Amino acid sequence: MKTIMYISTVLLCVWGLFACSADKTEYTVTSPDKQLAIGFDLNSGKPFYHVTFRKDTVIYPSQLGLMFKEAAALSGGFKVLKSEIAQHHSSWEQAWGENKLIQDHYQELVVYLQEEAGQQRLMNLYFRAYNDGVAFRYEIPRQANIDNFVMMDELTQFDVNGNPDTWWIWADYNTYEKLYQHTTMEEATWVATPVTMKGDKNVHISIHEAALTDYAGMTLKQKETGVYEAELVPWANGDKVRGSAPMKTPWRTIQLSDNAAGLVQSNLILNLNEPSRIDDTSWIQPMKYIGIWWGMHLGTETWYPGPRHGATTENAKAHIDFAAANNIEGLVIEGWNDGWENWGAKDAFDHVTPAIDFDLKKVAEYAREKGVMLIGHHETGGDIESYEKYMEAAYQMCHDLGIHAVKTGYAGGIYPRGEHHHGQFMVRHYRKVVELAATYQIMLDVHEPIKPTGIRRTWPNMMTREGVRGMEWNAWSDGNPPSHTLTIPFTRGLGGPTDYTPGTFDLLYQNAGERVKWNTEDISMTRTHSTLAKQLANFVILYSPLQMASDLPKNYEGHPAFQFIADFNADTDESRVLNGEVGEYITVVRRSGDEWFLGSATNEEARTLKVELNFLEPGAGYLAQVYMDAEDADWQTNPQAYLIREKEVASDTVLELKLAAGGGQAIRFVKK
Ligand code: NOJ
Ligand code: CA
């Protein structure tokens, strides 16, 4: 957010109650390209909104309102005091992201409501129409009759037109680590967001939220068929949101496009967040990283000390050597600290004391010498009370050791018991962590997080997060089917970066050695459901500013295809989605400086995709280094077969990308 290039906010009109005709209760804003519109309407005193795309209804009039524990609901008996419409157009730059430069262009309507009788309470509604979607939020302004309050729910509805195809995961108060379902909307009865739909005329819709900072996470429930209603995640005692006036809710967002790729290109979620609070972002750097990690998930190593302990001083040094020799900037070491024997118990983890066989100071010094960034690891096991006691000292220690990134984890039920990962209690905690980490110049990768809602704009040290059924599930469960990573970019990925951790080369774990089951999900049939080339493609497709190469160094060492990972640059300047269908295939290109990287992948179906290279600089020659599925590659029967080819290309070249079943292709374009 360094340069605000230009801002123009033009107030178009203000209607006072008496300025317009007395019964005028309809208000609409349209997107700058005029394709999208969101309108407000007061119907017998009740607030409603509706959405159109190219004049077709996407959301029928849907009710708005807030429900309280002690006070009456703010949902009816209103009159419009006044309304305002304004245009806004600016562009802003971010320290890192899919696109460093972002256009922020919208029309906004603010409706000021007041109850006509009783306490005459006030509520304001904000509506915005961008070219890539619409959004709205509530404001409870400062007023005499509302002070502190407890909300028991929102009455926010989404009356979706028709019964669109829907890609969704079950709503869950604690986890998003689930496989996506693809059904009609009517069957998707209670879902987490982002939820993505495809309706008539190929209209793609994704409902989510932005700027979730001190509020409960929103799930969507069909209390009435075809109508989603916000269902907020509760506190332990059933309260949903504790607040005081003035307060603004998160934005409720509806991303819209007439093709699936358009959803992925949307910047709506970022644009709806506040500008950066960090002035000097020079310490915030995207990077690739490896880990002492996969061995534990495979069950060949342990997090806790003993004969199979992964985090030994020696092993850490060997990983640092590997990273330094292969252009890998970071290393996460799990199991470096005390407490892993008691994972799950109260007060299990000590976030400042190294394990007995791990010399943290020595390892940190070695990493510094070799120019590799150590990534700290704080598994909390969900014990918030304990972690909050350690946090400050733990970040101070990281800072003193030159560790500028920490992976946090919340694997386990939350202490205090009864609180949920996605409730306001945890939203507050996650936010506290981000702000405190920023003061110690620490970047974050959060596992078992709250979903991404664009907070990275305000706190750019909030780099990446899990909140997805990631690679680890392939190590100890029935795994993720080939379509899974083709669904993520169009669903979970719309919220923000995903720490999926791609990069398995030993897809059948033939080189793993003796594995010990440590997880009840393990049905002894584990493998990664992909070809090798698709693993490379996912580096580009599944955007993460901290991008992990998740396999063991021994599986990368001397492997010709590892060159792509070594060359890949996680610091992206610009991104484009060349094609895609939800759950089926996608092709993404990202520019880093003068180089472009392409990732293309498919689900269970083999296919050939034609792509124009018109994103390359016109007139310039490029060398394309292609990592592709071999002719006979197939995720089920021959996953490891790949080819490396080199080609001279230019911006007028059209490439045919041949993708095997469950396969992919990765290309690096080097300017000559
Ligand atoms: C779950 C995380 O997703 C995983 O990456 C980590 O290794 C374990 N928890 C242990 O912290
Ligand atoms: Ca996890």
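A search of the whole structure, a predicted model, finds 36 salt bridges, a salt bridge being a side-chain nitrogen of Lys or Arg within 4 Å of a carboxyl oxygen of Asp or Glu. Residues are numbered from 1 along each chain as its sequence is written. Local features need pLDDT of at least 70, and side-chain atom pairs count only at pLDDT 80 or more.

**Exercise 1.** Determine which parts of the chain the salt bridge of Lys407 and Glu334 ties together, and state whether each residue is buried or exposed.

*Solution.*
Step 1. The closest N and O atoms of Lys407 and Glu334 are 2.6 Å apart.
Step 2. Lys407 belongs to strand β26, whereas Glu334 sits in the loop between β24 (330-333) and α5, so the pair ties together parts that are 73 residues apart in sequence. Helices (H or I, at least four residues) and strands (E, at least two) are DSSP runs, numbered from the N terminus.
Step 3. Buried means under 20% relative accessible area, exposed over 50%, and partly exposed in between (1.4 Å probe, protein chains only). Lys407 has a relative accessibility of 4% and is therefore buried; Glu334, at 3%, is buried as well.

**Exercise 2.** Locate the salt bridge between Glu435 and Arg431 and describe the exposure of both residues.

*Solution.*
Step 1. The two side chains meet at 2.7 Å, N to O.
Step 2. Both residues lie in helix α7, four residues apart, about one turn of the helix.
Step 3. An α-helix has 3.6 residues a turn, so residues three or four places apart point the same way.
Step 4. Glu435 is partly exposed, with a relative accessible area of 31%, while Arg431 is buried at 15%.

**Exercise 3.** Check the span of helix α6 and describe its surroundings.

*Solution.*
Step 1. Helix α6 covers residues 384-400, which is 17 residues. The expected span is 1.5 Å times one less than the number of residues.
Step 2. The helix should therefore span 24 Å, and its end C-alpha atoms are 24 Å apart, in agreement.
Step 3. α6 bends by about 45 degrees at Met391; the bend is the angle between axes fitted to the seven residues ending there and the seven starting there.
Step 4. Met391 is among the buried residues of α6, which also include Tyr387 and Ala394. The buried residues of α6 pack against β25 (373-379), β26 (405-409) and α7 (424-439), contact meaning heavy atoms within 4.5 Å.
Step 5. Just after α6, Gly402 takes a positive phi of about 80 degrees.

Methods
Chains lettered and ligands numbered in written order. Heavy atoms only, no water.
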